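User: I'm new to this one and would like a quick tour. Could you show me the structure and then take my questions?
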Amino acid sequence: MSKVYVAVIGAGGVGKSFISQLNAYALRSKKYTISTILISRSSKALLSKDYSGLNLTTWESDISSSSGVKPPSFPDETLKFLTSAPGPMILVDNTSSETIAEEYPRFLSSGVHLVTPNKKGFSSSLALFKAIYAASEAQNGGYVFHEATVGAGLPVLSTLKDLIDTGDEIVKIEGVFSGTMSYLFNSFAPLSPSGAEKSFSACVAEARELGYTEPDPRDDLNGLDVARKLTILARLSGLLVTEPTSFPIQSLIPKPLESAASAEEFLAGLAGFDGEMHKVKTTAESEGAVVRYVGSLDVGKGEVSVGLRNFDRGSTVAGLKGSDNIISFYTRRYGERAMIVQGAGAGADVTAMGVLSDLIKVLERLK
Ligand SMILES: NC(=O)C1=CN([C@@H]2O[C@H](COP(=O)(O)OP(=O)(O)OC[C@H]3O[C@@H](n4cnc5c(N)ncnc54)[C@H](OP(=O)(O)O)[C@@H]3O)[C@@H](O)[C@H]2O)C=CC1
Ligand SMILES: N[C@@H](CC=O)C(=O)O
Ligand code: NA
């Protein structure tokens with residue numbers, strides 16, 4: 001059995017589910033002994049100082065007991081602890097922290113492998129994106145996988161890689177890229193209404209409760225989350241978008257709430273603007289359509305667009321359910337009839353599945 005070390009930073013919705021899936025995987029694996037040496041939240045952490053491994057069944061009560069300690073400083077103490085592990089080391093970043101993402105090149109250069117659903121490293125400055133891949137590709141660099149940064153566990157980035165690696169040309173990628181936006185419009189403006197009409201703000205509260213939104217739901221509603229996903233797809237397709245804000249993004253944040261001091265203040269004020277979204281919905285209905293939030297990347301033209309669009313009631317996009325994403329790849333080989341990936345695009349379990357499958361990809365590549 002090969003012994004592999006894992007450090008988990010971020011144990012919220014996705015992180016908790018990831019740890020539970022990792023525990024089950026470790027128990028059934030006949031090939032790898034997995035030792036989890038760090039689980040860290042923002043102010044409490046569990047460390048296995050002798051590298052023997054933490055208990056993944058009791059970690060949640062352990063971290064809030066006296067075993068929970070102040071997290072090691074990031075990046076210095078964390079990097080030192082990880083690189084002193086007596087075997088291959090995999091860092092799992094389940095936060096949405098930009099500060100952590102900025103240090104990925106340092107960890108990768110030190111031979112630490114990285115898997116993450118955090119979009120920040122791959123969709124902020126182009127310089128950071130390039131530095132991450134350069135560090136990974138350098139001699140003794142760690143592997144990097146981030147499937148869950150687009151479409152959660154759906155095989156979006158692996159599909160894109162397969163298309164490109166086999167010599168296909170990406171023409172256009174379009175669809176519904178946000179589980180939150182999908183849920184909001186599928187519930188607020190459903191194809192076949194059942195029961196009482198729901199307000200937009202009530203749907204936002206539900207999406208948050210279901211764990212679909214970003215830690216701060218304004219990052220979904222301002223369109224930036226979708227813009228980040230399209231930036232990742234664009235860059236991996238060879239279109240070197242400089243920032244996720246380099247193209248027009250339609251924000252659904254009402255102007256007066258742009259200055260809200262916190263997510264809580266924003267959510268408390270949102271109901272006061274339900275009338276605006278109701279108007280958008282009824283305008284679409286009066287044209288026999290439904291409104292949905294979509295994105296499109298035209299690689300040939302170098303164009304990216306993110307925002308609301310009306311869809312014919314018979315279209316596939318109009319008929320999506322729950323938090324479903326749909327991503328259509330138009331390529332030279334797939335021509336007019338796109339290759340389509342569809343399914344739940346947010347939620348702790350489906351995202352954690354994407355993160356764990358990336359971790360397994362790292363394991364399979366270890367010598
Ligand atoms: N939810 C989803 O459906 C999807 C999420 N993702 C991505 O997954 C990531 C996690 O999302 P989610 O689990 O929903 O978010 P949560 O807000 O539920 O969890 C975030 C976790 O990160 C911890 N954290 C934040 N900053 C730090 C830090 N500096 N050091 C250590 N821990 C830190 C938080 O600590 P504390 O517990 O103390 O607050 C919390 O445990 C995000 O990047 C998100 O974009 C991607 C696809 C889908
Ligand atoms: N907030 C995001 C989570 C996944 O990336 C979404 O709603 O799609
Ligand atoms: Na994915």
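Here are some questions and answers on the domains, the ligands and a few residues.

Analyst: This is a predicted model, in which local features need pLDDT of at least 70, side-chain atom pairs count only at pLDDT 80 or more, and totals for chains, interfaces and linings use all residues. Residues are numbered from 1 along each chain as its sequence is written, while chains are lettered from A and ligands numbered from 1 in the order in which they are written.

User: Into which domains is the protein chain divided?
Analyst: The bounds come from an automatic or database domain assignment. On that basis, the protein chain splits into domain 1 (2-152 + 350-365) and domain 2 (157-346).

User: Which elements give two or more residues to the side of domain 1 that touches domain 2?
Analyst: Two residues are in contact if their C-beta atoms, placed from the backbone, lie within 7 Å. By that rule, 16 residues of domain 1 meet 23 residues of domain 2. Helices (H or I, at least four residues) and strands (E, at least two) are DSSP runs, numbered from the N terminus. The elements giving two or more residues to this side of domain 1 are α6 (120-123), α7 (126-137) and α15 (348-365).

User: How far apart are the centres of domain 1 and domain 2?
Analyst: The centres are taken over C-alpha atoms. Between domain 1 and domain 2, they are separated by 28 Å.

User: Which residues are the closest to ligand 1?
Analyst: A residue is near a molecule if its C-beta atom, placed from the backbone, lies within 6 Å of it. 30 residues surround ligand 1, and α1 gives the most to this shell, with three residues. The shell draws at least three residues from each of domain 1 and domain 2. The closest are G10, G12, V14, S42 and S96.

User: How many residues around ligand 2 are charged?
Analyst: Ala, Val, Leu, Ile, Met, Phe, Trp, Tyr, Cys and Pro count as nonpolar, Asp, Glu, Lys and Arg as charged, and the others, Gly among them, as polar. The residues around ligand 2 include Y212, E214, D220 and D225. This shell has three nonpolar and five polar residues, and the charged ones number three.

User: Is A11 buried or exposed?
Analyst: The UniProt annotation "binding site", from an unreviewed entry, covers A11; such positions use the numbering here, feature names are shortened, and annotations may be inferred rather than shown by experiment. A11 sits in the loop between β1 (2-9) and α1 (13-28). A residue is buried if 20 or more other C-beta atoms lie within 10 Å of its own, exposed if 12 or fewer, and partly exposed in between, with C-beta atoms placed from the backbone. Because A11 has 23 other C-beta atoms within 10 Å, it is buried.

User: What does G12 count as, buried, partly exposed or exposed?
Analyst: G12 also lies in the loop between β1 and α1. Its C-alpha atom is separated by 9.6 Å from that of G211, 199 residues apart along the chain. Because G12 has 15 C-beta neighbours inside 10 Å, it counts as partly exposed.

User: Which residues have the most contacts inside the largest nonpolar core?
Analyst: A nonpolar core is a set of buried Ala, Val, Leu, Ile, Met, Phe, Trp, Tyr and Cys residues joined through C-beta atoms within 7 Å. The largest has 103 residues, and those with the most contacts inside it are V8 and V92.
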